[in-house]
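Here's a quick tour for anyone meeting this structure for the first time. Have a look at the picture, then read on.

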Amino acid sequence: MKKLAISENITKRDYITCGLLGWCFEVFWTGMGSCINNDPKMTSTTSLLMFPIYAMAVIIKPVSKFIKNSHIIFRGIVYTMMIFIVEYTSGSILKAFGACPWNYEHAKYNISGLVRLDYAPAWFAVGLIYEKLLNPIHGRGHAEQEEV
């Protein structure tokens with residue numbers, strides 16, 4: 001059985017890239033939400049607190065190497081669950097200090113106002129995008145990557 005080395009090959013560049021990409025995703029997502037709600041300015045919102053939260057996506061790198069031969073559906077589900085766990089945990093900590101930048105209490109499928117289960121398809125896609133970003137030498141398919 002393989003061991004999962006969490007810190008394996010995670011770089012500062014990976015951390016910064018994940019944080020910046022997360023911010024970009026959020027700006028796009030909230031801007032599209034504004035557009036759907038007829039805001040002609042397509043106003044987007046984010047918080048400086050979100051950078052380290054999005055940057056935690058670097059954990060996908062070692063996990064992706066561990067599950068690289070698994071089906072894409074399984075990998076996407078794993079990443080979605082990881083994102084939900086980070087979202088819930090970081091949100092709970094920030095909420096305890098009155099600093100949580102999101103509140104999903106209005107949403108039908110929410111957990112403690114911190115996680116929206118209806119966002120699972122978006123997180124599924126985001127997880128797979130991070131997988132590709134953090135492992136750029138995958139070639140044609142994730143399962144085809146050779147161990148170095």
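This is a predicted model: local features need pLDDT of at least 70, side-chain atom pairs count only at pLDDT 80 or more; totals for chains, interfaces and linings use all residues.

## Helix α1 and its neighbours

Helix α1 itself covers residues 12–36, so to speak a run of 25 residues. From first C-alpha to last, α1 reaches 36 Å, close to the 36 Å expected at 1.5 Å a residue. After α1 comes asparagine 38, with a positive phi near 65 degrees.

## Where α4 meets α5

Two packed helices are described by the angle between their axes and the distance between the axes. Helix α4 (residues 72–96) and α5 have axes that come within 8 Å and cross at roughly 105 degrees, which makes α4 roughly perpendicular to α5.

On the α4 side, the residues making the contact include Ile72, Ile73, Tyr79, Ile83 and Phe84. On the α5 side, among them are Trp123, Phe124, Val126 and Leu128. Sorted by class, the contact has eleven nonpolar, three polar and three charged residues.

## The whole chain

Stepping back, the chain has five helices and two strands, in the order α-α-α-α-β-β-α along the sequence. Of its 148 residues, 37% are buried.

Among contacts with a separation of 6 or more, 63% come from residues 24 or more positions apart.

Methods:
Residues are numbered from 1 along each chain as its sequence is written. Side-chain values use heavy atoms; hydrogens and water are left out. Helices (H or I, at least four residues) and strands (E, at least two) are DSSP runs, numbered from the N terminus. The expected span of a helix is 1.5 Å times one less than its number of residues. Axes are lines fitted to C-alpha atoms, for helices over the stretch in contact, and angles run from 0 to 180 degrees between N-to-C directions. Angles under 35 degrees count as roughly parallel, over 145 as roughly antiparallel, 65 to 115 as roughly perpendicular and the rest as oblique. Contact means heavy atoms within 4.5 Å. Ala, Val, Leu, Ile, Met, Phe, Trp, Tyr, Cys and Pro count as nonpolar, Asp, Glu, Lys and Arg as charged, and the others, Gly among them, as polar. Buried means under 20% relative accessible area, exposed over 50%, partly exposed in between (1.4 Å probe, protein chains only).
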